[in-house]
Amino acid sequence: MPTTTAFFDDNDGPEFFEHPGLSEPRTKLEWRAYLNALPPAKPANLTLTGYERLDTEGKTLHNKARFAHHSSLVIVRTAQMERIHHQMRRRMLTNAHQPAGARRGIVVDGPATVGKSTLVKMFAADFEHQLRREHPERFERSYRSESHTIDYTPVVYVNIPSQATPKDLSVALADYMGMPYRTSATKSAITNRVLAEMRRCGVQLVVIDDAHFMDLSLKEGKVVNDHLKYIANHTAATFIYTGVDLKHSGLFLEGTGGSRVTQTSGRNVLIHMQPFARTTREEKQDWVSVISAMEDALVLYRHEPGSLKREWRYLHQRTEGNISSLAELIRESAAEAILTGAEAINRTVMNHIEINEHAQTAYDSIPHDEPEPPAPPQNCLDDDHREAS
Ligand SMILES: Nc1ncnc2c1ncn2[C@@H]1O[C@H](COP(=O)(O)OP(=O)(O)OP(=O)(O)O)[C@@H](O)[C@H]1O
Ligand SMILES: [Mg+2]
């Protein structure tokens, strides 16, 4: 098997081709591969002279490793992520021995690309890793409980396809569990088999990502909600849903109907995810620490440590505090810095990078003629905070 760094090697035939990136897991096997995947290793940090002395082949190899590393960069455990993970852990502990009616699910609602999927996958991955440490025997292939052989599967992660019907949801769960079914089978038949399998395999956490892709219009929404309720009631697991604008969608049905619709909203806790703000000192600190974590991961030879962190205001204007746009801008800039030999991420490099349309349009519409920042104060927030208060 080729290693992931062999991605660009010309002598690899297509039969060995393996993309180094991660795709969304659709089955329990893919989920396990996702958990076991290691990001590309951080290349050794040479000195500038050491780097310049490398011969052509050495430079190519070293740069290839730097491209791979910057492409993956880091997943930052942001303050918001820590806070929400804490709420999720608490909810799972509370749910553990509750009867179906009392088990609450969690709905993570937020705008597009705010980091919802990353957050829930990190939570689910942490949860399973902890179980692996605490109960390694359960993960052995032929774990036997009483008379059954069990393929222990504590986590289910499904990504909902667009315009999904209740049957599609059951099919996605069946696909995840690796269960064969006839496409002509009814929704109930597939659902009942899936529920039995999930119970047998010890499912404790079910993540339904992009729940807004289910048809949650008022009429269909009721059918979906009833189906979700049925599945959640018959699985002794905690359910976490993510989606865009779920508060106003049929999943919560807030304020759009009588007592029946509140069956769902009353059963779930709603958590909002927001882009980073920069009003209070604490908010600024959170934003700066995310930039710092990404900056610390860079391997560039003329980059002055801390100089990116000092660009926190500019970076906020460019990205509107969206972590996905920030990661995109820094990753692209890192690639540019290597390709051009600039070996640093500064305003000149970043001004040349066009990121996603949404962030770019927002940035273009605001005045931003701020000069390059002067030499840094001891704490890069001090000046601005005085200014703001
Ligand atoms: N905590 C994080 N640390 C670093 N990068 C992050 C983090 N969270 C998100 N990102 C970056 O943002 C990208 C988008 O994140 P993610 O897919 O989690 O957003 P989302 O809210 O699920 O988006 P969508 O609404 O499209 O489903 C990720 O691929 C990653 O590059
Ligand atoms: Mg997502």
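The following paragraphs go from the chain as a whole to one helix and then to the surroundings of a ligand.

This is a predicted model, in which local features need pLDDT of at least 70 and side-chain atom pairs count only at pLDDT 80 or more, while totals for chains, interfaces and linings use all residues. Residues are numbered from 1 along each chain as its sequence is written, and chains are lettered from A and ligands numbered from 1 in the order in which they are written.

The chain holds 15 helices and seven strands, taken as DSSP runs (H or I, at least four residues, for helices; E, at least two, for strands) numbered from the N terminus. Of its 389 residues, 29% are buried, that is, have 20 or more other C-beta atoms, placed from the backbone, within 10 Å of their own.

In helix H7, Ile190, Thr191, Val194 and Met198 are buried. They lie on the same side of H7, because they cover an arc of only 95° around the axis, counted from the directions from the helix axis to the C-beta atoms. Just after H7, Gly202 has a positive phi of about 70°.

Ligand 1 is surrounded by 17 residues, the closest being Gly115, Lys116, Ser117, Thr118 and Ser324; a residue counts as near when its C-beta atom, placed from the backbone, lies within 6 Å. Helix H5 (116-134) and helix H12 (323-340) each supply at least two residues of this shell. At least three shell residues come from each of domain 1 (28-74 + 278-368 + 379-388) and domain 2 (81-272), with bounds from an automatic or database domain assignment.

Methods: Buried ≥ 20, exposed ≤ 12 C-beta atoms within 10 Å, placed from the backbone.
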